[in-house]
Amino acid sequence: MQEINTIYNEDCLQTMQRFSKSNLIDIVLTSPPYNMTERKGGESDSGRYDVYEDWMSEEEYIGWTIRLFEGFDNILKPNRSVIYNFSYSIENPALPYKLVSAIEQNTEFCLIDTVMWKKKCGLPFPANSKRLSRNWEFVWVFVRKSEKDSYENNRKVKSVSDKTGQNYYDVVYNYIEADNNDGKCPYNQATYSTELCTQLLDIYCKDGWVVYDPFMGSGTTAISCVRRGLGYVGSELSENQIKFAQDRLDKEKEKIFISNNIESLF
């Protein structure tokens, strides 16, 4: 069964198997677990999730990520993109660069752009002289290697050269300032923000498209989709997080309904 505007309580690889070749998914927007530590009780192990255990070896994590991107290849329509918020951890600051290299070497995808997300505040707090406080993160933009010159986004033509017919597009910088998150979730200490998701969707997602988030968590991506009138599909292992996300979505839809009714009176 393939239904949009649904969060599936299962491993994302199962969801992608369900949607494989369905021609329903236009874009992937997600923030996966960062694999913050290589062992339970490691320096970065803080019990971030209520279900998922965020510790694999580097080799395991890279292999798992490759399988994710193979799944993305099977569900994405032609000429679409993967928007992937992933940053480094204290224990393995080189992992993002290794991950990008592994994706390019072992999947159909390549890196087409990098967006810098500047957060309102950073971690860790200044209790370590060896590391700077991190107040920005990577957002990696991947497309299929065969679609580097044809993938679609939401950039608008601003002018056309009279002499050459060359299109010139609106200026969009690879730098976004946005909140760290939307507030606390008791089941997930690693959420990201609707403000970030909305700005990314404004750049990369056209009206009417359907967005997939394989790590839906507290529902942030879905909230952004509802606000922009987009369809969404999500996967999430945690029943508690799905209930939390659905409660947020119900409240968001109610706010939109009330707002639309008020506007119709004037």
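Helices (H or I, at least four residues) and strands (E, at least two) are DSSP runs, numbered from the N terminus. The model is predicted, so local features are reported only at pLDDT of at least 70 and side-chain atom pairs only at pLDDT 80 or more, while totals for chains, interfaces and linings use all residues. Residues are numbered from 1 along each chain as its sequence is written, and side-chain values use heavy atoms, with hydrogens and water left out.

**The loop between α1 and β2**

K21 is placed in the loop between α1 and β2, and N23 lies in the loop between α1 and β2 as well. Most residues other than glycine have a negative phi. K21, however, has a positive phi near 60°, and N23 likewise has a positive phi near 60°. In what follows, buried means under 20% relative accessible area, exposed means over 50%, and partly exposed lies in between (1.4 Å probe, protein chains only). With a relative accessible area of 65%, K21 is exposed, whereas N23, with 49%, is partly exposed.

**The nonpolar cores**

A nonpolar core is a set of buried Ala, Val, Leu, Ile, Met, Phe, Trp, Tyr and Cys residues joined through side-chain atoms within 4.5 Å. The largest one has 35 residues, of which L68, F69, F72, V82, Y84, F142 and Y212 touch the most other members. Two or more residues come from each of α1 (12-19), β2 (25-30), α2, β3 (76-85), α3, β5 and β9 (210-213), and α2 gives the most, with eight residues. A second, separate core of 33 residues includes L29, C110, V211 and L230.

Contact here means heavy atoms within 4.5 Å. Not counting residues up to four places away in sequence, F72 touches M16, V28, V82, Y84, F109, R144, Y212 and P214. I103, which is placed in helix α3 (residues 95-106), counts as buried because its relative accessibility is 2%. Leaving aside neighbours within four places in sequence, I103 is in contact with T65, F69, F109 and F142.

**Aromatic pairs and charges over rings**

Rings of Phe, Tyr and Trp (its six-membered ring) pair if their centres lie within 6.5 Å, and planes under 30 degrees apart count as stacked, over 60 as edge-to-face and the rest as tilted. By this rule the count comes to 16 aromatic pairs, and two of them are set out below.

| Pair | Centre to centre | Angle between planes | Kind |
|---|---|---|---|
| F69 and F72 | 5.0 Å | 65° | edge-to-face |
| Y97 and F138 | 5.8 Å | 80° | edge-to-face |

F69 and F72 both lie in helix α2 (residues 58-75), three residues apart, which is about one turn of the helix, and both are buried. Y97, by contrast, lies in helix α3 and F138 in strand β5 (residues 134-144), so this pair ties together parts that are 41 residues apart in sequence. Y97 is partly exposed, at 48% relative accessibility, while F138 is buried, at 5%. One aromatic cluster is formed by Y34, Y49, Y52, Y61, W64, F86 and F215.

A charge sits over a ring if NZ of Lys or CZ of Arg is within 6 Å of the ring centre and within 35 degrees of the ring normal. R80 lies over the face of W209 at 4.1 Å from the ring centre, and K119 lies over the face of W117 at 5.0 Å from the ring centre.

W140 is placed in strand β5 and is buried, with a relative accessible area of 6%. Although W140 and Y84 are 56 residues apart along the chain, their C-alpha atoms are separated by 5.0 Å. Beyond neighbours within four places in sequence, the contacts of W140 include V82, Y84, F86, P96 and L111.

A polar contact is a pair of N or O atoms within 3.5 Å; within protein, one must be able to donate a hydrogen and the other to accept it, and residues adjacent in sequence count only if both atoms are side-chain atoms. The backbone oxygen of F86 lies 3.2 Å from a polar atom of the W140 side chain. In helix α6 (residues 239-264), where R248 lies, the side chain of R248 is joined to that of D182 by a polar contact of 2.7 Å.
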